[in-house]
Amino acid sequence: MSFPSRNPSSLRRSTHQRSKNAKLSQRSSHRAKPSSQKKSRSLSTPEERKVILFNKPYDTLSQFTDSDGRQTLADFIPIKDIYAAGRLDRDSEGLMVLTNDGQLQAKLTQPQSKSPKTYWVQVEGAPKESDLERLRRGVTLKDGPTLPAIVEIIPEPQIWPRTPPVRFRAAIPTTWLSITIIEGRNRQVRRMTAHIGYPTLRLIRYSIGEITLGTLQPGEWQEISTF
């Protein structure tokens, strides 16, 4: 499965590649100074709002600073005063939305907003429909039952190789799933697949609401004018 070209605007690369789209402002890709961890505020005019889409690489923290020197968002995005609308685990990849608009941040992260998030998930083993049906109905984890999820088996997506590569066990097959949820608990998708006996090997967030990764590659970002 290849990425659809739903986001035709230009891409930003951490390797200093310039955008050809005049709608995106041109900036050098020097490392941004760590921003303070204050909450984003609600903005009244579209001109003030900034919305950034980012394809978070594996082994990158979903924050701009880290006292232990690990890779963070600041290694890729040289924009100040924007904050993640929902996090991704360090060992997960894919779409993040960053903004300076508190209302948008709340819309994307609060469960009552019911903003769907779709993940491409590589699991160890070959789950049956009866296994997937358990996730569709909801399973009970240590922190309570999950809401029903949309779960389908999909062909292996045509995506970037992970660095470092996923470790496979030669005698055990793997399966790719598309899982859509409206919750955002800590490591929820991984715990869901483990609960039915199929550990997650790789997890990529493909979409949030109507916004998808498009053609963004790991470490690339783009600013969009509407959301």
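**Close-ups of charged and aromatic side chains**

Arg187 comes out as partly exposed, its relative accessible area being 32%. Everything in these views is taken from a predicted model.

**View 1. Arg187 and Asp89 form a salt bridge.** The N to O distance between these two side chains is 3.5 Å. Here's a pair that links distant parts of the chain: Asp89 sits in the loop between S2 and strand S3 (93-99), while Arg187 belongs to the loop between strand S8 (174-181) and helix H3 (188-195), 98 residues apart. Asp89 counts as partly exposed, with 22% relative accessibility.

**View 2. Arg70 and Asp66 make another salt bridge.** Their side chains meet at 2.9 Å, N to O. Arg70 is partly exposed, and its relative accessible area is 32%.

**View 3. Arg205 is a buried arginine with no salt bridge.** Look for it in strand S9, which covers residues 200-208. Which side chain of opposite charge is nearest to Arg205? That would be Asp89, and it is 8.9 Å away. What the Arg205 side chain does reach is the backbone oxygen of Leu95, at 2.8 Å. Setting aside neighbours within four places in sequence, the contacts of Arg205 include Gly86, Arg87 and Leu88, then Glu93, Gly94, Leu95 and Met96. Lys117, Thr118, Tyr119 and Leu213 are also among the residues that Arg205 contacts.

**View 4. Phe54 and Phe76 make one of the two aromatic pairs in the structure.** The ring centres of Phe54 and Phe76 are 5.6 Å apart and the planes sit at 45°, so call this pair tilted. Phe54 is in strand S1 (residues 51-56) and Phe76 in the loop between S1 and strand S2 (83-84), so the pair ties together parts that are 22 residues apart in sequence. Both Phe54 and Phe76 are buried.

**View 5. Trp120 and Tyr206 are stacked.** Their ring centres are 4.3 Å apart, with the planes at 10°. Since planes under 30 degrees apart count as stacked, that angle settles the label. The pair links distant parts of the chain, Trp120 being in strand S4 (residues 117-124) and Tyr206 in strand S9, 86 residues apart.

**View 6. Arg162 lies over the face of Tyr58.** The distance from Arg162 to the ring centre of Tyr58 is 4.0 Å.

Methods: Residues numbered from 1 in each chain as written. Predicted model: local features only at pLDDT ≥ 70, side-chain atom pairs only at ≥ 80, totals over all residues. Heavy atoms only, no water. Helix = DSSP H or I, 4+ residues; strand = E, 2+ residues; numbered from the N terminus. Buried < 20%, exposed > 50% of the residue type's maximum accessible area, 1.4 Å probe, protein only. Lys, Arg positive; Asp, Glu negative; His and termini not counted. Salt bridge = Lys/Arg side-chain N within 4 Å of Asp/Glu carboxyl O. Polar contact = N/O pair within 3.5 Å; in protein donor to acceptor, adjacent residues only side chain to side chain. Contact = heavy atoms within 4.5 Å. Phe/Tyr/Trp six-rings, centres within 6.5 Å; stacked < 30°, edge-to-face > 60°. Lys NZ or Arg CZ within 6 Å of the ring centre and 35° of its normal.
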